[in-house]
Amino acid sequence: MHTEVGAICTDCAGELQRDHAAAQPRNAIGGRGSDTPIVTWALIGLCVVMFGLQNLPGVSGVIQQWTTYAPFRTEAMPWTLITSGFLHGGIMHLLLNMYALWAIGQFLERSLGRWRYLGLFLLSVIGGHAAVMWLASAGLDDWYTGTVGASGGVFGLFGALFVVQRRMGEQATQVLVLIGLNFAFSFMYPDISWQGHLGGMITGTLIALVLFATRVKATPGADRAALARKADLTHAAVLAAALAVLGAVVLARVLTVPDWAMPPLF
């Protein structure tokens with residue numbers, strides 16, 4: 001016995017896929033909903049791998065030299081503004097940052113959407129290092145001191161968490177206590193970059209505020225797929241603009257210091 005199988009045209013299949021995507025749940029900021037915190041686990045995994053390489057004989061020196069950020073390296077090694085955010089100064093430093101990333105990252109990844117969340121984290125890392133650069137004195141010890149750790153990104157997530165909680169009408173007092181305690185630790189122990197924490201939190205907070213301010217509002221009968229595309233394009237532009245602003249902030253500092261304070265790579 002033969003069974004008849006219906007056929008569907010390519011255009012129809014594409015339309016059904018678009019309708020299905022548009023019908024998927026979207027979070028409060030317009031991002032596509034997801035229950036699996038893939039980006040959070042990827043960030044944690046990358047930090048763990050980099051920590052292993054930092055402590056691997058024969059490799060650790062190369063990793064430290066080419067990925068650690070210090071203000072005097074900004075012009076010659078600009079990539080370290082990001083890469084240094086995946087290094088850590090010790091096992092406790094790593095564990096504390098990874099716990100914080102795991103604890104709040106999963107919620108924010110669902111609230112913001114994967115690529116918005118990733119963009120905010122990375123831009124907060126850059127913002128943290130930009131603050132380190134501006135608050136360091138050219139020629140003094142802090143100008144040549146390396147800064148490592150995901151703390152700038154984590155503090156950016158703290159700021160974003162506060163914004164999300166407030167915009168969703170939830171109690172944010174606990175978030176303020178969390179931020180206050182972590183800032184207190186920044187000043188209680190030596191060798192902790194409070195500048196990076198401050199810069200990361202300011203960056204993450206401002207980006208989250210703009211993402212919410214520019215979210216696309218749906219109206220009855222509106223094309224949800226079109227609204228989703230518009231939201232994606234709008235927020236991609238917001239993140240690109242934030243990167244441009246941070247780039248300008250870093251460049252402005254580079255131009256204010258003498259040439260000897262920014263030696264070439266080779």
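Let's start with the largest pocket, which has a volume of about 1100 Å³. Keep in mind that this is a predicted model.

**The largest pocket**
- 36 residues line the largest pocket, and those nearest its centre are His93, Ser151, Ile192, Ser193 and His197.
- Two or more lining residues come from each of these elements: α5 (91-112), α6, α8 (151-167), α9 (173-188) and α10 (194-213).
- Helix α5 gives the largest share of the lining, with 7 residues.
- Sorted by type, the lining has 18 nonpolar residues, 16 polar ones and 2 charged ones.

**Where α2 meets α6**
- Helix α2 (residues 38-54) and helix α6 (residues 114-135) cross at roughly 35 degrees, and their axes come within 9 Å.
- On the α2 side you'll find Ile38, Val39, Thr40 and Leu43, which meet Arg114, Tyr117, Leu118 and Phe121 of α6.
- That contact is made up of 6 nonpolar residues, 1 polar and 1 charged.

**A look at His235**
- His235 sits in helix α11, which covers residues 224-256.
- Is His235 buried or exposed? It counts as buried because its relative accessible area is 0%, and the cut-off for buried is under 20%.
- The His235 side chain makes a polar contact with the side chain of Arg116 at 2.7 Å, and another with the side chain of Thr214 at 3.4 Å.
- Setting aside neighbours within four places in sequence, His235 touches Ile29, Trp115, Arg116, Leu211, Thr214 and Arg215.

Note on methods
Residues are numbered from 1 along each chain as its sequence is written. This is a predicted model: local features need pLDDT of at least 70, side-chain atom pairs count only at pLDDT 80 or more; totals for chains, interfaces and linings use all residues. Side-chain values use heavy atoms; hydrogens and water are left out. Helices (H or I, at least four residues) and strands (E, at least two) are DSSP runs, numbered from the N terminus. Buried means under 20% relative accessible area, exposed over 50%, partly exposed in between (1.4 Å probe, protein chains only). A polar contact is a pair of N or O atoms within 3.5 Å; within protein, one must be able to donate a hydrogen and the other to accept it, and residues adjacent in sequence count only if both atoms are side-chain atoms. Contact means heavy atoms within 4.5 Å. Axes are lines fitted to C-alpha atoms, for helices over the stretch in contact, and angles run from 0 to 180 degrees between N-to-C directions. Ala, Val, Leu, Ile, Met, Phe, Trp, Tyr, Cys and Pro count as nonpolar, Asp, Glu, Lys and Arg as charged, and the others, Gly among them, as polar. On a 1 Å grid over the protein atoms alone, a cavity is a set of points where a 1.4 Å probe fits but cannot get out, and a pocket is an open set with protein on both sides within 12 Å along at least five of seven lines; lining residues have an atom within 4 Å of a point. Grid points are joined across faces, edges and corners, and a volume is the space filled by probe spheres set on the points.
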